[in-house]
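Visitor: I would like to learn how to read a few features of a model like this one. Could you take me through them?

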Amino acid sequence: MLAFDRPASVRWRITRLPWFPVTTALASVVAVLAIGKLAMNWLDVYLVFFGEQPQIDPANIAAYRVWAAIALAALLCGALAHMLNPDRRMLGTFWQVLLVLVGTAMILLSYIPGAVDLPAPEQEEDGYHAPPCYSGGDNDECVGG
């Protein structure tokens, strides 16, 4: 039987594609970049000093949505390409599992609420609401006085 008379094996075509390792590596790089951008966006909002209130800009909400979507797509693509690779290594599997866990945790922990208004800090009340009393007046005019 001649070589071109044999039916092509579908499994051979799918498993022998050389782009599995490249796709996995590229998706890992994109996922790490997206995780870093999510962390920087979260710090941009919540890293405040001396009792200031965090200010959430619409740009921070949009950045969270974009980088979270990119991170999810990169994590899914990288894990899928790695699992379809027949020549995958145990170290690569460990890296993909670690990347998916860290990426998912970062997406959940760096959430920036868009519809929730942050409450203003409460003013301390001293419980004393008497009108001001200036010196020189009669004691009957000053409360407690």
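Visitor: Is Leu91 buried or exposed?

Guide: Happy to start there. Buried means under 20% relative accessible area, exposed over 50%, and partly exposed in between (1.4 Å probe, protein chains only). Leu91 has a relative accessible area of 68%, so Leu91 is exposed. A word on the source: this is a predicted model, where local features need pLDDT of at least 70 and side-chain atom pairs count only at pLDDT 80 or more, while totals for chains, interfaces and linings use all residues. Residues are numbered from 1 along each chain as its sequence is written, and side-chain values use heavy atoms, with hydrogens and water left out.

Visitor: How many helices and strands are there in the protein chain?

Guide: Helices (H or I, at least four residues) and strands (E, at least two) are DSSP runs, numbered from the N terminus. Here the protein chain has 4 helices and 0 strands, in the pattern α-α-α-α along the sequence. Leu91 sits in helix α4.

Visitor: Which residues form the nonpolar patch on the surface?

Guide: Patches are made of residues with over 30% relative accessible area and no salt bridge; like charges are joined within 9 Å, nonpolar side chains (Val, Leu, Ile, Met, Phe, Trp, Tyr) within 5 Å. A salt bridge is a side-chain nitrogen of Lys or Arg within 4 Å of a carboxyl oxygen of Asp or Glu. Areas come from the Shrake-Rupley method with a 1.4 Å probe, and for residues only the protein chains shown count as cover. The patch consists of Val32, Leu91, Phe94, Trp95, Leu98 and Val102, with about 600 Å² of accessible area together. Helix α4 (residues 90-109) gives the largest share, 5 residues.

Visitor: How do I describe two packed helices?

Guide: Use the angle between their axes and the distance between the axes. Axes are lines fitted to C-alpha atoms, for helices over the stretch in contact, and angles run from 0 to 180 degrees between N-to-C directions. The axes of helix α2 (residues 19-46) and α4 come within 10 Å and cross at roughly 25°. That makes α2 roughly parallel to α4, a term for angles under 35 degrees; over 145 counts as roughly antiparallel, 65 to 115 as roughly perpendicular and the rest as oblique.

Visitor: Where is Ser28?

Guide: Ser28 is in helix α2. With a relative accessible area of 7%, Ser28 is buried. The C-alpha atoms of Ser28 and Val100 are separated by 9.6 Å, although they lie 72 residues apart along the chain.
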